[in-house]
Amino acid sequence: MKKTFIVLALVSSILATIFAVLPISNLAIIPALAALIFGLVAFYLSKKTGDVKKIIQFIFLLTIVALSLTIFKAVFTTTEVADTKTLDTKETQLKEEAIEELENIDIDVEEFEDIDIAQ
Amino acid sequence: MRFTFILLALFSLTVNAQNTAIGTNEKLVYTASYNMSGILTDIAQVTMETSPVKTSKATLLRLKCTAATYSKWDNFFRIRDLYESYVNPKTLTPYLYNRDINEGSYYKAMKYTFSHKTKTVKSIQTKRNNNIENKTISIGNSTKDIVSTLYSIRSFNFENMSKGDRQSLTIIFDRKETKAQVTYLGKETINTAIGKKECYKLAIGSNEAILQGNNSNLLWLTADVNKIIVYGKFKIPVGNGELKIKSVSGLIN
């Protein structure tokens, strides 16, 4: 029983650490909470038998690191789009090509009567 | 392809309604998020812009949609997608459509040239390594590309619709005509980044397998003359996605 909780807590804390490092750091909260719960159960069971394993301390440490990193990223990371140079270049290129092509497309001019477009 | 899922989910009605809602210098900015177990992760910024384009024959309206992943995602999975359509500003009938998608190592470009007299679309598909494919597709009277159909949803008079009213749609996507349905679900007031808004709630259904479930793809459009999309909820094969309005500028009304 104790071993099962230790394994579950270890797996959860590793998962929390992986999530915390990735851009999906928000999701680390779920495995981190699971690791804390499993870790506490494992700690309680170990204390009962009087044999608290070092691995449980390591699980808590790993989980705290993962949670700290998640909180840090949530507070200090700004969601912004960087490097749109390729998109901007493509946009300009496509627009130039389109204008050229639209000159050769059969447009029903009658449909456009009475249309006033503000430039 | 992920942005495509969102766009496909935003199918609109293909009735030739008159446009009174879409301005010529409008800019709508959205945040696309992925929802897992109630925890939202912002993935990309989606921008929808309009601008006038002058040719020697007429002035068209350029409808442009772009999607770009936030910088924190760029090293893992970089998306730089561009969709644009050149349409009649009054009827939103498309004449030219471009799609240029860069998603990780995946690249695809598609160009449609509409000929409404012959009811055909000439397509040019370009993939990585300059692999070009030309194809002519026959289309129906009301077939539109995904961008113009997405905008044309704003031309409909929802006040005349009652709860449960359903409209069929025809969209040309990936050189195939796709049938979809929009169901009006009534009005709902929601909180958005641009304030508390009374909205028209719509459910989007498609024959395509990429949009899962019944009434699990929903759209909220402001219940005013502008009818801008302020919120979207989509179920896709890999989970749930959300599209939330971030900023608005250049509205006509």
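This is a predicted model: local features need pLDDT of at least 70, side-chain atom pairs count only at pLDDT 80 or more; totals for chains, interfaces and linings use all residues.
## Chain A

Chain A is built from four helices and has zero strands. Read along the sequence, the pattern is α-α-α-α. The C-alpha trace spans about 90 × 25 × 25 Å along its principal axes. The radius of gyration of chain A is 29 Å, whereas a compact globule of 119 residues would have one near 14 Å. Of the 119 residues, 28% count as buried. Among contacts in chain A between residues at least 6 apart in sequence, 67% join residues at least 24 apart.

The mean pLDDT of chain A is 86, and 91% of its residues reach 70 or more. Among the helices of chain A named here, confidence is highest in H1 (residues 2-21), at a mean of 93, and lowest in H4 (residues 85-104), at a mean of 90. The loop between helix H3 (54-76) and H4 of chain A holds A:Asp83. Phi of A:Asp83 is near 50°, a positive value in a residue other than glycine. A:Asp83 counts as exposed because it has 12 C-beta neighbours inside 10 Å, and 12 or fewer is the limit for that class.

## Chain B

Chain B has three helices and 15 strands. Of its 253 residues, 43% count as buried. Taking the contacts in chain B with a separation of 6 or more, 54% are between residues 24 or more positions apart.

A positive phi also occurs at B:Lys119, where the angle is near 55° in a residue other than glycine. B:Lys119 sits in the loop between E6 and strand E7 (120-127) of chain B. With 13 other C-beta atoms within 10 Å, B:Lys119 is partly exposed.

With E13(B), residues 218-222, the pairing is antiparallel over four bridges, and B:Leu219 stands opposite B:Gly232 of E14(B). The hairpin of E13(B) and E14(B) has six residues between the strands. In this hairpin, B:Lys227 takes a positive phi near 45°.

With E15(B), residues 239-249, E14(B) pairs in the antiparallel sense over six bridges. Here the bridge partner of B:Phe234 is B:Gly241 in E15(B). E14(B) is mostly covered, with seven of its eight residues buried.

## Nonpolar cores

The largest nonpolar core has 62 residues. Those that touch the most other members are B:Ala44, B:Val46, B:Tyr86, B:Tyr95, B:Val147 and B:Leu221. Strand E3(B) gives the most to this core, with six residues. Leaving out residues up to four places away in sequence, B:Val147 touches B:Leu63, B:Cys65, B:Tyr83, B:Glu84, B:Ser85 and B:Tyr97. Apart from this core lies another, of 19 residues, including A:Leu27, A:Ala35, A:Ile56 and A:Leu62.

## Contact between the chains

At the interface, 38 residues of chain B are in contact with 33 residues of chain A. On the side of chain B that touches chain A, the elements giving two or more residues are strands E2 (39-54), E3 (59-69), E4 (79-87), E5 (94-103) and E6 (106-115), together with helix H2 (71-74). The largest share, six residues, comes from E2(B). By class, this side of chain B has 15 nonpolar, 14 polar and nine charged residues.

One residue that touches chain A is B:Thr113, in strand E6 of chain B. B:Thr113 and B:Tyr97 are 16 residues apart in sequence, and their C-alpha atoms are 6.6 Å apart in space. B:Thr113 is buried because 20 other C-beta atoms lie within 10 Å, and 20 or more is what that class requires.

Methods. Residues are numbered from 1 along each chain as its sequence is written. Chains are lettered from A and ligands numbered from 1 in the order in which they are written. Two strands pair if DSSP finds at least two bridges between them. Two residues are in contact if their C-beta atoms, placed from the backbone, lie within 7 Å. Ala, Val, Leu, Ile, Met, Phe, Trp, Tyr, Cys and Pro count as nonpolar, Asp, Glu, Lys and Arg as charged, and the others, Gly among them, as polar. pLDDT is the predictor's confidence in each residue, from 0 to 100. The radius of gyration is taken over C-alpha atoms; the globule rule is 2.2 Å times the number of residues to the power 0.38. A nonpolar core is a set of buried Ala, Val, Leu, Ile, Met, Phe, Trp, Tyr and Cys residues joined through C-beta atoms within 7 Å.
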